[in-house]
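Student: Could we go through this structure together? I would like to discuss its helix packing.
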Amino acid sequence: MSADEGLVKIETSGNRKLEEYQRDKFKRLGISNIDSFNKWVKQDLGITVNDRVRIKYSEGSGIGLVYDVSDGFEIRSDVELLRIPHGSVLNIYRFLEVVNELVKFERSVSELSPDKISPEEIEFYVKYKQSEIIKRCIKEIVGVLEAKESLILVGYLIGFIVCLKLREFYKIKDTCGSGIGNSELTNPLCKFNQYLYILQNTIVESINSEDLISLEYYYDLFPGETNFTSQYLFLQEINDEIEFIKFINSEFGEKDGHKIKLIDSDLFLQILSAVSSRTLEIPRQVDNDSEGEGDDFTIDVTLVPILDFVNHDNIKLNSFFDIDRETNDIILKLDFELYDKNYYHRG
């Protein structure tokens with residue numbers, strides 16, 4: 001798949017400076033290799049993308065999803081833009097499945113002979129039980145903060161990032177024993193690498209990104225504002241690197257004479273802000289009878305890759321997401337009536 005055929009399309013028109021400019025914008029978002037990104041979307045995540053949908057950068061709106069009608073194509077009905085398989089959405093239940101897959105992977109690695117995997121890889125996976133690292137990150141973060149679903153998600157993601165940084169530092173391949181044909185030899189965490197890069201580079205307008213000097217001014221100005229006061233004190237504590245940040249760095253980043261900075265307050269606040277801005281409340285059917293024909297629903301706090309590239313605009317609404325009741329896929333649709341009202345003007 002070439003870059004021109006994927007979700008991300010670099011438009012050059014023969015202009016090398018324009019091409020470099022666009023590539024730089026995507027690189028800052030965490031997309032350093034466009035071909036790999038397009039492969040990740042369509043093959044690894046299994047997302048079906050409308051041929052006219054692109055991720056593009058535009059001045060003022062930043063990076064978002066665009067439906068291309070530059071050739072004069074007229075929209076006459078609702079259009080399916082994206083279809084994200086249920087297995088590619090990220091919530092605490094999916095992450096638990098991933099950790100269970102990781103445990104199986106770690107057991108498989110320890111049972112392999114040296115001709116199947118390098119001694120360095122065996123040593124790494126014995127020394128760094130990634131499933132335990134993830135569990136410990138969740139425990140530390142939730143223990144200090146609160147056992148909210150969104151914070152558990154943050155705990156998982158911080159754990160994934162810590163494991164990724166350790167693998168990168170020790171130059172560990174994400175797929176060991178390649179060519180053996182055993183799917184259990186693929187680290188299940190590797191499928192999240194691209195998304196972790198994106199979350200770490202997402203620009204989020206949030207109070208979490210404000211400097212404490214500015215916040216302190218308003219803290220003194222409005223001492224009785226409860227929500228602001230609690231948020232300010234929380235950020236002050238984070239910026240002082242509360243205990244769980246120090247623990248994660250010392251417990252997992254200081255071994256064999258190495259001192260790896262795995263997480264700091266900026267990274268934690270970045271992931272916290274990114275999760276807060278990107279999560280959706282996705283309904284999930286709950287069976288309430290023995291035959292599984294219940295019609296009750298619960299709500300899961302969920303990250304939906306690629307769907308979260310949709311820019312939020314409360315003035316010019318033109319699309320909506322829905323759930324396919326048969327497959328539980330997440331669908332993004334272009335709303336013809338809203339699009340017609342806000343964008344399409346007949347002559």
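Student: Which residues in α6 and α7 meet?
Tutor: In α6 they are L157, F160, I161, L164, K165, R167 and E168, and in α7 they are N193, L196, Y197, L199 and Q200. Contact here means heavy atoms within 4.5 Å. Helices (H or I, at least four residues) and strands (E, at least two) are DSSP runs, numbered from the N terminus.

Student: What kind of model is this, and how are residues numbered?
Tutor: This is a predicted model, in which local features need pLDDT of at least 70 and side-chain atom pairs count only at pLDDT 80 or more, while totals for chains, interfaces and linings use all residues. Residues are numbered from 1 along each chain as its sequence is written, and side-chain values use heavy atoms, with hydrogens and water left out.

Student: At what angle do α6 and α7 pack?
Tutor: The angle is about 110 degrees, with the axes 11 Å apart. Axes are lines fitted to C-alpha atoms, for helices over the stretch in contact, and angles run from 0 to 180 degrees between N-to-C directions. The two helices, α6 and α7, are therefore roughly perpendicular to each other. Angles under 35 degrees count as roughly parallel, over 145 as roughly antiparallel, 65 to 115 as roughly perpendicular and the rest as oblique.

Student: And what is the contact made of, by class?
Tutor: The contact of α6 with α7 has seven nonpolar, two polar and three charged residues. Ala, Val, Leu, Ile, Met, Phe, Trp, Tyr, Cys and Pro count as nonpolar, Asp, Glu, Lys and Arg as charged, and the others, Gly among them, as polar.

Student: Staying with α7, is Q194 buried or exposed?
Tutor: Q194, which lies in helix α7, is buried, with a relative accessible area of 12%. Buried means under 20% relative accessible area, exposed over 50%, and partly exposed in between (1.4 Å probe, protein chains only).

Student: What does Q194 touch?
Tutor: Leaving aside residues up to four places away in sequence, Q194 touches G30, I31, F37 and W40. Q194 is also 9.8 Å from N33, C-alpha to C-alpha, although 161 residues separate the two in sequence.

Student: How do α3 and α6 cross?
Tutor: Their axes come within 10 Å and cross at roughly 30 degrees. That makes α3 roughly parallel to α6. The residues of this contact divide into ten nonpolar, no polar and one charged.

Student: New topic: which residues of α5 are buried?
Tutor: They are Q130, S131, I133, I134, C137, I138, E140, I141 and V142. The cover over these residues includes α3, α4, α6, α10 and α11.

Student: What about G143, buried or exposed?
Tutor: G143 lies in α5 and is exposed, with a relative accessible area of 62%.

Student: How do α5 and α10 pack?
Tutor: They pack at an angle of about 160 degrees, with their axes 10 Å apart. The helices α5 and α10 are therefore roughly antiparallel to each other. I133, R136, C137, E140, I141 and V144 of α5 make the contact with F244, F247, I248 and F252 of α10. By class, there are eight nonpolar, no polar and two charged residues.

Student: Finally, how many helices and strands does the chain have?
Tutor: The chain has twelve helices and eight strands. Of its 347 residues, 42% count as buried.
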